[in-house]
Amino acid sequence: MTPKVANFLASSALTTPCLVIDLEVIERSFLRFRELLPQAAMYYAVKANPAPSILNLLSAAGAGFDAASVPEIESCLAAGSPPALISYSNTIKKQRDIARAYELGIKLFAFDSKEELAKIAAAAPGSRVFCRLAVESSGAVWPLDGKFGCSSRMAGDLLRTAPDLGLEPYGISFHVGSQQCDLVPWNLAIGRAAMIFRELSAEGLELKMLNLGGGFPVPYRSEVPPLDDICATIRTSLAQHFGNRIPDIAIEPGRAIVATSGVIRTEVVLVSRRDESVPERWVYLDIGKFGGLDETAGEAIQYALRTPADGQECGPVVLAGPTCDSVDVMYQNAGYQLPLSLCPGDQIDILAAGAYTTTTATVGFNGFSPVQQYYI
Ligand SMILES: *Cc1c(COP(=O)(O)O)cnc(C)c1O
């Protein structure tokens with residue numbers, strides 16, 4: 001938590017749950033990528049946090065955007081982004097949404113199937129298209145494989161057909177899985193993409209862009225490899241697999257741009273036990289799976305917590321949300337411990353909560369409002 005966020009929380013009596021984002025941290029994260037991967041064009045993954053103040057800041061700093069829907073595209077345009085810096089990267093789009101994006105000036109589209117490529121050809125003639133490759137995502141806390149990406153062979157075949165469809169075969173993208181804590185998948189994915197570049201080049205088809213996607217991890221409860229190491233791996237891998245013919249590089253970080261900028265302040269509603277003989281306490285917060293903590297599904301993303309009594313004697317807890325749904329339990333097996341003195345009314349801060357929290361909240365399940373947001 002930055003001093004700016006701490007002061008804001010201390011000086012304003014905010015209703016909980018609330019998310020406070022320090023925009024300076026977002027700017028610093030953006031500049032860090034520019035320093036570590038100077039050759040990469042950044043397309044911020046809007047879904048991580050689409051708040052207008054974030055999009056305005058990044059647009060002014062010169063970032064592009066990875067948008068997944070027409071409303072996301074419109075938000076980026078409203079933030080002042082030129083259409084040329086917006087990539088419609090969702091591989092699952094309605095044809096009329098492709099047409100609308102094209103009308104709005106978008107000329108860069110992702111696909112991972114023949115059927116999607118045909119829709120782009122029909123609704124966005126002459127556009128640049130890039131194919132999303134299925135890659136290994138083991139080591140990712142929040143894997144994105146299975147649902148997206150095609151085989152290398154299919155990627156090559158589809159890119160070959162693009163010119164006949166009136167499209168420009170522009171490049172390849174992949175996503176190694178979100179919160180990817182292993183360095184190997186980057187190298188494997190870059191190697192696999194390079195093979196397709198070489199194969200097509202031998203036939204006279206020169207792809208121009210390699211999009212490395214997102215996946216850059218942030219520290220939650222555990223340490224993660226530093227961004228320096230990941231970017232060094234990427235630079236080495238690009239040189240190893242592409243030699244002196246490195247294509248234009250794009251990245252689509254989401255989490256790594258916004259996560260550490262934000263803190264969610266919550267209030268303890270109830271601390272109870274299932275039986276007096278059981279040491280484990282149930283701690284119910286005023287935020288849960290439906291209020292913004294969607295990424296606790298499967299106890300995947302394990303947020304670091306701060307309480308006013310940190311440092312005092314702790315005991316095991318189950319952490320749950322306030323709604324009347326039994327899936328609204330965040331952590332039962334992850335080994336969380338909280339101070340024994342914890343009681344209703346205490347405030348708990350959830351750290352690094354700036355990504356994938358605001359828009360994944362339900363509109364008000366059980367009458368509980370989504371997390372309130374403050375951008376400072
Ligand atoms: C979600 C997403 C990203 C961002 O991933 P992070 O792990 O948050 O960096 C990037 N690209 C695509 C296509 C995505 O769907």
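## The second largest pocket

Helix α2 (residues 23-36) gives the largest share of the lining of the second largest pocket, three residues. Keep in mind that this is a predicted model. The pocket holds about 250 Å³ of space, and 13 residues line it, with Pro217, Val218, Pro219, Leu227 and Thr260 closest to its centre. Sorted by class, that lining comes out as nine nonpolar, two polar and two charged residues.

## The largest pocket

Now for the pocket with the ligand: the ligand sits in the largest pocket, whose volume is about 470 Å³. Its lining takes in 28 residues, and Lys47, Asp66, Arg132, Leu144 and Phe148 are the closest to the centre. Two elements, β6 (128-132) and β9 (178-180), each give two or more residues to this lining. By class, the lining of the largest pocket splits into ten nonpolar, eleven polar and seven charged residues.

## Around the ligand

Zooming in, there are 13 residues around the ligand, and Lys47, Ser178, Glu252, Arg255 and Tyr356 come nearest. This shell is made up of three nonpolar, five polar and five charged residues.

An N or O atom in the side chain of tyrosine 356 is 2.5 Å from a ligand oxygen. For histidine 175, a side-chain N or O atom lies 2.9 Å from an oxygen of the ligand, while at glycine 215 a polar backbone atom is 2.9 Å from a ligand oxygen. As for cover, the ligand has 380 Å² of accessible area on its own, and the protein covers 92% of that.

Note on methods:
Residues numbered from 1 in each chain as written. Predicted model: local features only at pLDDT ≥ 70, side-chain atom pairs only at ≥ 80, totals over all residues. Heavy atoms only, no water. Near = heavy atom within 4 Å. Polar contact = N/O pair within 3.5 Å; in protein donor to acceptor, adjacent residues only side chain to side chain. Areas by Shrake-Rupley, 256 points an atom, 1.4 Å probe, with all protein chains shown as cover. 1 Å grid on protein atoms, 1.4 Å probe; cavity = no way out; pocket = protein on both sides within 12 Å on 5 of 7 lines; lining within 4 Å. Sits in = over half its atoms within 2 Å of the grid points. Nonpolar A, V, L, I, M, F, W, Y, C, P; charged D, E, K, R; others polar. Points joined across faces, edges and corners; volume = space filled by probe spheres on them. Helix = DSSP H or I, 4+ residues; strand = E, 2+ residues; numbered from the N terminus.
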